[in-house]
Amino acid sequence: MAASPAYGEEKGGSSSLGEPEYGHDPASGGIFASDYKRHDDLKEMLDSNKDSLKLEAMKRIVAMIARGKNASDLFPAVVKNVACKNIEVKKLVYVYLVRYAEEQQDLALLSISTFQRGLKDPNQLIRASALRVLSSIRVPIIVPIMMLAIKEAASDMSPYVRKTAAHAIPKLYSLDSDQKDQLIEVIEKLLADKTTLVAGSVVMAFEEVCPERIDLIHKNYRKLCNLLIDVEEWGQVVIINMLTRYARTQFLSPNQNESLLEESAEKAFYGSEEEDTKDAKAEAASLAKRKPYVMDPDHRLLLRNTKPLLQSRNAAVVMAVAQLYFHLAPKAEVGVIAKALVRLLRSHSEVQYVVLQNVATMSIKRRGMFEPYLKSFYIRSTDPTQIKILKLEVLTNLANETNISTILREFQTYIRSMDKDFVAATIQAIGRCATNIGKVRDTCLNGLVQLLSNRDELVVAESVVVIKKLLQMQPAQHSEIIKHMAKLTDNIQVPMARASILWLIGEYCEHVPKIAPDVLRKMAKSFTNEEDIVKLQVINLAAKLYLTNSKQSKLLTQYVLNLAKYDQNYDIRDRARFIRQLIVPTEKSGALNKYAKKLFLAQKPAPILESSFKDRDHFQLGSLSHLLNAKAVGYQELPDWPDEAPDPSVRNVEVPEWTKCTSREKRKEKVEKPFYSDSEGESGPTESADSEPESDSEESGSSSSSSGSSSSSSEEEEEEEEEEGSREQSEDKEEEEEEKRKKRKEKGGPRKASPGIMGSEEEEEAEGKKAKKAAGPQRKKGHAETSSEEASASESSSSGSDSGTEAPTMVEAKQRKAIPSSKANPKEISLLDLDDFTPPPPQPVPSSSIISSSLVTDLEGLTLTDTSLAPALLSPAFGTVRTYELLHRMAGEGLSVEYCFNRRPFPGDLHMVAVQIQISNNTDAEVKSLRVSEPKLLAGMRIQEFPEIESLAPGDTASVVMGIDFCDSTQAANFQLCTHTRHFYVSIQPPVGELMAPVFMSENEFRKEQEHLARQGEGKLTGMSEITEKLTLPEKCRSDHAIVQQVTSAANVGRVPCGADNEYRFAAKTVTSGSLVLITLEWREGAAAQLTINSEKMVIATMLVKDIIQALAQ
């Protein structure tokens, strides 16, 4: 704080340095200031030669503008300084010019050459400011100059300048719409920009200039989805709204087949075989119609990448995602937005108002979505009236038979409020609840009748109006209430309430034959003093009584009609004349008077009390039009879903030709190295799947999970590697056979059999294949360093580390010298070179022979030295296997399918996760030819189908195992499950814990690997290979057995021996790439604990932390 006076002295006390002293402008806020002396001191400062004075003057001018004061008379003095060499002054001059260039166009045009020079300035901020000023001068004559400047800026090296160019496009379009075609070219160029800074601005320009040109979005759709999480907040709102409309034109409705599916399931399940086989063509046509809906992968990509934004701090972003899910997501998935919207209710009242408007609309169609959060809509005494009324609306929409008693108790409290508008709205809400839920109608009616004795006239009046509507439903049962209300005519003065009572008595006068004429007598007395609405109902009451009870009311009716004949209001005069002719027969009256009873005493339908938000959902949620319930200027209608999906290939991005050429050249160079080319084919999918931004954004939910450059490059790599993989498969097989032959020649005699080391040739060959596959990911990382020098270095380092082992081990280590490795990765060397030591993953065997994870501690005492033992795959830890539903019995027309991850190595390929599938035939007919077909997998993923089941008898169950290579990602594997008559679209999505296999290692090895991963993480740009989370252990999870059981149930990991009592360690390898995952759980004082996971695969580690914490909390 002490520095501030000194700063003030330095700025203001310039007189001590021999400079003139400039105080604050006395005329800026004065009443008697003369115009010619206004801002003279600022003009002098701007004309001085000192940059410090100019800067001080500009700061004061910009501060004046910020306070809303007019500084336009300083324009000539400011514009002279546009060529100032001081960058700080120049920036502030441009800020001023952007504000006043439109008002002072002539003066601004004089400096246009300076702005053009500013477009070439080396400082990006000056270039952007110059373009901003240029686009603010709204003079048609400079349109060509603006167009050139925008085109140049669109190709600028700085993303900030390109963003400014995108902002300038709508300004130019509003000035001259004839430039649309040229501007669309610039928009197309900027849409291809991979920078998050530009994305939001260019989509805004697209929406302003050419929202109908959807073809410009096709190629950039996936990129926009992947960049979305990193775009600035207001850009996210614009992009989400645009993508909502885009998706409505390009994808099929996810809810279109729901009713059709249910009908088809019933028909197929209960129909006989004879009926099904009558007409083959008709059956084929109906099958095509009943084809289950399969979501387009691009549709799923949009939903998956917007979901993390529900956690955004910006309410507009959350609202945009909520409306996207409401308009685009399947009904089963829309529920995720409820929690985010309820969170926004803790925000400012303005935000609450907008959110509640949208929640009120949603709660009409999707009531179940908000029912768990009912208490969040309870009204606080501090809420403004508008918020209270909206919350009432939501509570009424959510009312059902189970929660109505709670809601009515709330309403009883609200009626005592001092806010009369709110009380009236509450009474209307009670009426709506009574209308919608029959069983509480009498309760609500009795409650409203009690309110008739309330001291507050407004409460009584509103109650009368609502009771009138409720009584129309069952008038015969409630004649007592009508009598009670008739007595209120003496006290109630509110016109609407008096009119409602009179209408009720007139409509149901046969139920109160004695009271009705007396009410008319009283009303005739005060007729001249009543309001118009009451007078009209008095005339109606007189007419109805004349028709039903003319003896008692004939004279009264004539008296009332005579009074009305001379009333000041012409409506009342006309009504009196019309009714007189209708009910009193005369010679002149026509045939109408025969039908007077039918006209006046006809059965009238009870009014339907509906929400005012019922039909608002035809406006896009979150829009101004929805808020106002009227179409606002510039509103774009939300398009209807298409009947047939447009071609999805328009969104495919072609791989540049030069990329393909280089990949071919690389492949030719590597033909001489068979081992490398083999690993190249297998490592590609692993890397591409690992770097895929979709999985990041879906599962981790972190805001920095995807970036433009990585997403586009990974897509290109995936397509390139798929092509190479298919061409190299045949070469790979030949090379593997050559490797086997070489090994057989080199082996002099059979190897000794030992508990840890296998002896047969077949097992060694299997291990050779395994080592190759494990080398895949490392080959991908280190492909730039594959010189013979490094190969020999890796050989020497591996032989050095194995110096203490047996002779056969040394021979095998030498045989492995061709395996590439990186100098900076000692862990990779040990994993590759020592992989031969690992026992083979066991084939499926009876559970009694499997080593359980609890025996690992007992194995600690065996003579296994740290130097000779490499991390070895352990048998899976079988706990309670969780079963997932693949196909429901109804959707599968009697065929139900469940699956589980059995945690055993898949026999066909060790890089695949084994999925055990149980198929049950619940129909009365035999199911034939059960098989898997048409797998739709992301690049790099593979699937090994189970053998075809020829037939499955009624009531039988078959169990099969299939293998899926998920490429270390939690992306779903989509495929068709086919029978001889039907095709069912299904998908298997693995929990992150099932993507790994347990590894056995000693305590020392665990520490070494952990330290190595930590060092490795320090070298990375992100600086991370470790995740630590604190947690609280529940009481039932504070024993060794419970902790181990919960961790191993969440993930397929093996326990590592540990000397400390309060520490638990687990280790595993990812199935595809073989990356280590090390888990440490440290139990501290009381219930506190700390979970640490070390791994190269940070996405997997992040998701695994969540799963383990969730398992321990159960």
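Reader: How many helices and strands does the protein chain have?
Author: Keep in mind that this is a predicted model. Going by DSSP runs, the protein chain comes to 47 helices and 16 strands.

Reader: And what percentage of its residues is buried?
Author: The chain has 1114 residues, and buried here means under 20% relative accessible area. By that cut-off, the share that counts as buried is 50%.

Reader: What about Cys-967, buried or exposed?
Author: The limit for buried is under 20% relative accessible area. Cys-967 has 0% relative accessibility, so this cysteine counts as buried.

Reader: How many disulfides does the structure hold?
Author: A disulfide is a covalent bond between the sulfur atoms of two cysteines. To count here, the two sulfur atoms must lie within 2.5 Å. The number of disulfides in this structure is 0.

Reader: In what order do the strands of the open sheet run, and which are the edge strands?
Author: The open sheet has 4 strands with antiparallel pairing, in the order β7-β5-β9-β10. An edge strand pairs on one side only, and that applies to β7 (949–952) and β10 (983–988).

Reader: Which residue in β9 is the bridge partner of Ser-933?
Author: Strand β5 covers residues 927–936 and β9 covers residues 973–978; they run antiparallel and are joined by 4 bridges. Within β9, the bridge partner of Ser-933 is Gln-976.

Notes: Residues are numbered from 1 along each chain as its sequence is written. This is a predicted model: local features need pLDDT of at least 70, side-chain atom pairs count only at pLDDT 80 or more; totals for chains, interfaces and linings use all residues. Side-chain values use heavy atoms; hydrogens and water are left out. Buried means under 20% relative accessible area, exposed over 50%, partly exposed in between (1.4 Å probe, protein chains only). Two strands pair if DSSP finds at least two bridges between them. Helices (H or I, at least four residues) and strands (E, at least two) are DSSP runs, numbered from the N terminus.
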